[in-house]
Amino acid sequence: MIFRRAEEKDCGRILELLLQVNNVHNDGRPDLFLRDKTKYTEEELKSIIADDSTPVFVAQDDDGSIPGYGFAVIQSHEKDNNWPNITTLYVDDICVDKSCRGKHVGTFIYQNLVEWARKKGCYNLTLNVWEKNPGARAFYEKMGMTVQKTGMETIL
């Protein structure tokens, strides 16, 4: 398996995976996620892939198939008044095709994102996990991540 930057030709497959992620979120929070929708349109996805500040990566099998992806955002804190001048790799999304789960594809993507962030001189790697997705939280904890902050809400 190889880890590489996504290309425009990968958009169709990434959109299929985005649909899977959205429906997992819809299962837990149907009030916030519409069923059978994707976070991005194809045009938005093409723009994200082309932007170096929002790198998208794919895991590609030897047969050319893409069992998973990782979306990231490079966040600079150099202009923040109360933060040190650090760079963070924020992982916006990791998805592994439901038919490939349990085959260490997620681990492969996560470890490669960590290595990529190190090479770019990032101080840390952060992400958010929905509370209604305990499998994802358990996975990230297994990867060695710890809680940095907790988001809370009141539904009105």
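**Exercise 1.** At what angle do helix α1 and helix α2 pack, and how far apart are their axes?

*Solution.* This is a predicted model, in which local features need pLDDT of at least 70, side-chain atom pairs count only at pLDDT 80 or more, and totals for chains, interfaces and linings use all residues. Residues are numbered from 1 along each chain as its sequence is written, and side-chain values use heavy atoms, with hydrogens and water left out.

Step 1. Helix α1 covers residues 11-28 and helix α2 residues 42-50; they pack at an angle of about 110 degrees, with axes 10 Å apart.

Step 2. α1 is therefore roughly perpendicular to α2 (65 to 115 degrees).

Step 3. The contact (heavy atoms within 4.5 Å) involves C11, I14 and L15 of α1 together with E42, L45, K46 and I49 of α2.

**Exercise 2.** Determine how many disulfides the structure holds, and examine C100.

*Solution.* Step 1. A disulfide is a covalent bond between the sulfur atoms of two cysteines; the criterion is a pair of cysteine sulfur atoms within 2.5 Å.

Step 2. The structure holds 0 disulfides.

Step 3. For C100, the closest cysteine sulfur belongs to C95 and is 9.8 Å away, too far for a bond.

Step 4. C100 counts as buried (under 20% relative accessible area), because its relative accessibility is 15%.

**Exercise 3.** Where is D97 placed, and which residues does D97 touch, not counting those up to four places away in sequence?

*Solution.* Step 1. D97 lies in the loop between β4 (87-96) and α3 (105-119).

Step 2. The relative accessible area of D97 is 9%, so D97 is buried.

Step 3. Leaving aside residues up to four places away in sequence, D97 touches R13, L17, Q20 and P67.

Methods. Axes fitted to C-alpha atoms, helices over the stretch in contact; angles between N-to-C directions. Helix = DSSP H or I, 4+ residues; strand = E, 2+ residues; numbered from the N terminus. Parallel < 35°, antiparallel > 145°, perpendicular 65-115°, else oblique. Buried < 20%, exposed > 50% of the residue type's maximum accessible area, 1.4 Å probe, protein only.
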